[in-house]
Structure formats: structure tokens, C-alpha cells
Amino acid sequence: MSRPSSENAYPYPNQPTWPRSEKAIARTAFDAALGRELHEVIQEAKRMANQIRQSSDLWDLEHYLTQRRKEIDRKYDYRYSQLTDVLGRLLYENRLSEEELRGLREDKMESIRSFAKFLRESAA
């Protein structure tokens, strides 16, 4: 019994497939954006740590780190079903550039740009 062609596609309808070459491009861009954001967190944590004078300052640092960890954990979701939205958010936040995504198929780039545009318009 032959399967309909739609069954050979990604298991979720309307979700793009990610060939190996595009997975490598997306992973490199994703990791670079995450690395830059973590670097910012490290720099801010060092700045805050250098200004600790009393116990409340220590808890402010702990609160900052907990909040940033939660934000980063929510934002950096590498599931392929979420990846175009994640990359769109990172593009919107200027955490990565379109140049870093060069090599992705145009349909993926359109989805990424579209989500970044949606976020820009929602924030306005």
C-alpha cells in the first residue's frame, strides 16, 4: 500500500523540513546568538558582583541570574518545529543577522522575516 505524499513530509503539517545543510547553518547561527547573549549576562553579572556591598545586593544578583536563565531557556528552543519562530525572534532582537542565516531556503527566510516583522509591529 503506498502512502500519500503528505505522509512523507515533516510529521507536523505546514512545518518546514530541515535538510542537513540547513540544520548546520541554523545551529551555527543559533549557537552564536546564544553565546553572545550569555556573554552579555556574564558581563552584567560581573558588574553586579563587583558592586555587592550588602546582602541585598547578593540577592539582587541571584534574582537577575534566575530571571535571565528563565528568559534564555524559554527563548532558545532548538526544536525544528519552533526554529523559524526562534530565529525570527533572534533576528527581531538583533541577536543574529540575516547574513548568519545565508544558505537557508527562501521559504524559511520568509517565515523568519515574517515573524520578526510581526514582533516589530506588535511592539510598536
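Biologist: Which residues does D77 touch, not counting residues up to four places away in sequence?

Modeller: This is a predicted model, in which local features need pLDDT of at least 70, side-chain atom pairs count only at pLDDT 80 or more, and totals for chains, interfaces and linings use all residues. Residues are numbered from 1 along each chain as its sequence is written, and side-chain values use heavy atoms, with hydrogens and water left out. D77 lies in the loop between helix 2 and helix 3; helices (H or I, at least four residues) and strands (E, at least two) are DSSP runs, numbered from the N terminus. With contact meaning heavy atoms within 4.5 Å, the residues that D77 touches are F30, Q82, L83 and V86.

Biologist: With which residue does R79 form a salt bridge?

Modeller: A salt bridge is a side-chain nitrogen of Lys or Arg within 4 Å of a carboxyl oxygen of Asp or Glu. For R79, the closest N and O atoms of the pair are 2.5 Å apart. The partner of R79 is D77.

Biologist: Is R68, which forms a salt bridge with E71, buried or exposed?

Modeller: R68 and E71 both lie in helix 2 (residues 55–75), 3 residues apart, about one turn of the helix. Their closest N and O atoms are 2.5 Å apart. Buried means under 20% relative accessible area, exposed over 50%, and partly exposed in between (1.4 Å probe, protein chains only). E71 has a relative accessible area of 33% and is partly exposed, whereas R68, at 14%, is buried.

Biologist: How many residues apart in sequence are the parts that E40 and R95 tie together?

Modeller: E40 and R95 form a salt bridge, with 3.1 Å between the closest N and O atoms. E40 belongs to helix 1 (residues 20–50), while R95 is in the loop between helix 3 (83–92) and helix 4 (106–123), so the pair links parts whose separation in sequence is 55 residues.

Biologist: Is K108 buried or exposed?

Modeller: K108 is placed in helix 4. Not counting residues up to four places away in sequence, K108 touches P16, T17, W18, P19, E22 and T84. Its relative accessibility is 1%, and K108 therefore counts as buried.
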